[in-house]
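Dear colleague,

Please find the structure below, handed over for your own work. My notes on it follow directly after.

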Amino acid sequence: MKKSEGNKVLVRVFYPNTHRRDSRALDLTGAPYVLWNGDVTSFLDRLPDKPLFDLVVTSPPYNLGKEYENKTKFEKYLRWQETIIGQILRRVKPSGSVCWQVGNFVDNGQIIPLDIEFAPLFKAQGLQLRNRIVWHFGHGLHSKRRFSGRYEVVMWYTKSDQYIFNLDAVRVPAKYPGKKHFKGPRAGQLSGNPMGKNPEDVWSIPNVKSNHVEKTGHPCQFPVGLIERLVLALTNPGGLVFDPFSGVGSTGVAAALHGRSFWGAEIDKRYVDTARQRIEETLQGKVRYRPHDRPLYDHTQSNLSKRPTEWADREYE
Ligand SMILES: C[S@@+](CC[C@H](N)C(=O)[O-])C[C@H]1O[C@@H](n2cnc3c(N)ncnc32)[C@H](O)[C@@H]1O
């Protein structure tokens, strides 16, 4: 367990690999911030088998052979994920939500969208899909033999029909706030909501590239802003958010920013150390992040957006 701010423990960190034989149940009741440096299954095994989580949000390994995963047969990968999903669902509250953020598995130049593969697993567990949110971002690899990929998805599932959904907490400015009813009993009155409009299901939020304010040593962080919106809409203050593949703690930062608790499991100690630091900085009001409601940068303001004079005699093809 690490200490900071004198003797005050802000984030409890467990290093189970150094106590392999210790399989006692963990009582984390009331622990606001917990990081488990080990396999997520070993964490879940030591938790009580009862509803604990208000929201589970994660980006799992995609089986792409990144530095933090062993690429395996796709079917085997899916069975592994299915087992973990089953263990997690038993610990989600009836009013709770599960958000699986996924992109594509790429096999020999062919894409396999992971949300399509995951959908039957969640359906078989009786979950209800509420939104398939398209997370659109502006930067990435330039493909030569297919259109360059610029989105991933968040599959938002609920466990029941009685789920938390705080729309007012995530409204965004309307395009035409001055619009009025033009007929009927409310003709002439403003038709919109003064708090803004529903953010809809296509979210443009910059991905974490090298010059992003949130960039750490992790190769595949998701942006805090993407998760802030889910935390605000799908939990109430004081709720417990769990990320089974927590990386450098982006979910933890989003939870801590908004007065929610956070537990995460991450197998790589380097990422756990960074996560602890980021969550502590958040609690101390010092974390650097890009808020979910910051407007996108207007690229036309940059000189680089002007067509170079060298290309004056060339047409766009
Ligand atoms: C796509 S990354 C998640 C990054 C995270 N969303 C963030 O913003 O930092 C997946 C993470 O899962 C971790 N991981 C892989 N297998 C794991 C396991 N069995 N248990 C816990 N974590 C694991 C990897 O080390 C990696 O950091």
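Is Phe262 buried or exposed? Phe262 is buried, because 28 other C-beta atoms lie within 10 Å; a residue counts as buried if 20 or more other C-beta atoms lie within 10 Å of its own, as exposed if 12 or fewer, and as partly exposed in between, with C-beta atoms placed from the backbone.

Before the details, two remarks on conventions. The model is a predicted one, in which local features need pLDDT of at least 70 and side-chain atom pairs count only at pLDDT 80 or more, whereas totals for chains, interfaces and linings use all residues. Residues are numbered from 1 along each chain as its sequence is written.

Overall architecture

The protein has six helices and eleven strands; these are DSSP runs, numbered from the N terminus, with helices (H or I) of at least four residues and strands (E) of at least two. Along the principal axes, the C-alpha atoms fill a box of roughly 70 × 55 × 45 Å. Of the 317 residues, 31% count as buried. Among contacts with a separation of 6 or more, 64% are between residues 24 or more positions apart; two residues are in contact if their C-beta atoms, placed from the backbone, lie within 7 Å.

Helix H5 and its surroundings

Helix H5 spans residues 250-257, and eight of its eight residues are buried. The elements that cover them include strand E2 (33-37), strand E3 (53-58), helix H4 (224-234), strand E10 (240-243), strand E11 (261-266) and helix H6 (269-283). After H5 comes Gly259, which has a positive phi near 70°.

Phe262, the residue of the opening question, belongs to strand E11. Leaving aside residues up to four places away in sequence, Phe262 touches Tyr33, Val241, Thr251, Gly252, Ala255, Ala256 and Ile279. The C-alpha atoms of Phe262 and Leu234 are separated by 14 Å, the two residues being 28 apart along the chain.

Packing of H5 with H6

The axes of H5 and H6 come within 9 Å and cross at roughly 15°; axes are lines fitted to C-alpha atoms, for helices over the stretch in contact, and angles run from 0 to 180 degrees between N-to-C directions. H5 is therefore roughly parallel to H6, given that angles under 35 degrees count as roughly parallel, over 145 as roughly antiparallel, 65 to 115 as roughly perpendicular and the rest as oblique. The crossing of H5 and H6 is right-handed; a crossing is right-handed if the near helix is turned clockwise from the far one by less than a right angle, and left-handed if anticlockwise. Gly252, Val253, Ala256 and Leu257 of H5 meet Ala275, Arg278, Ile279, Thr282 and Leu283 of H6. These residues comprise six nonpolar, two polar and one charged, where Ala, Val, Leu, Ile, Met, Phe, Trp, Tyr, Cys and Pro count as nonpolar, Asp, Glu, Lys and Arg as charged, and the others, Gly among them, as polar.

Packing of H5 with H4

H4 is largely enclosed by the rest of the structure, because nine of its eleven residues are buried. The buried residues of H4 pack against E3, strand E4 (92-102), strand E7 (128-136), strand E9 (202-204), E10 and H5. The axes of H4 and H5 come within 8 Å and cross at roughly 50°, so the two helices are oblique to each other. This crossing of H4 and H5 is right-handed. The contact is formed by Val224, Ile227, Glu228 and Val231 of H4 with Ser250, Thr251, Val253, Ala254, Ala255 and Leu257 of H5. Seven of the contact residues are nonpolar, two polar and one charged.

Loop residues

Asn108, in the loop between strand E5 (104-107) and strand E6 (110-113), has a positive phi near 55° and is not a glycine. Asn108 counts as exposed, because it has 4 C-beta neighbours inside 10 Å. Glu200 lies in the loop between strand E8 (151-158) and E9, and its phi is positive, about 65°, although Glu200 is not a glycine. With 10 other C-beta atoms within 10 Å, Glu200 is exposed.

Kind regards
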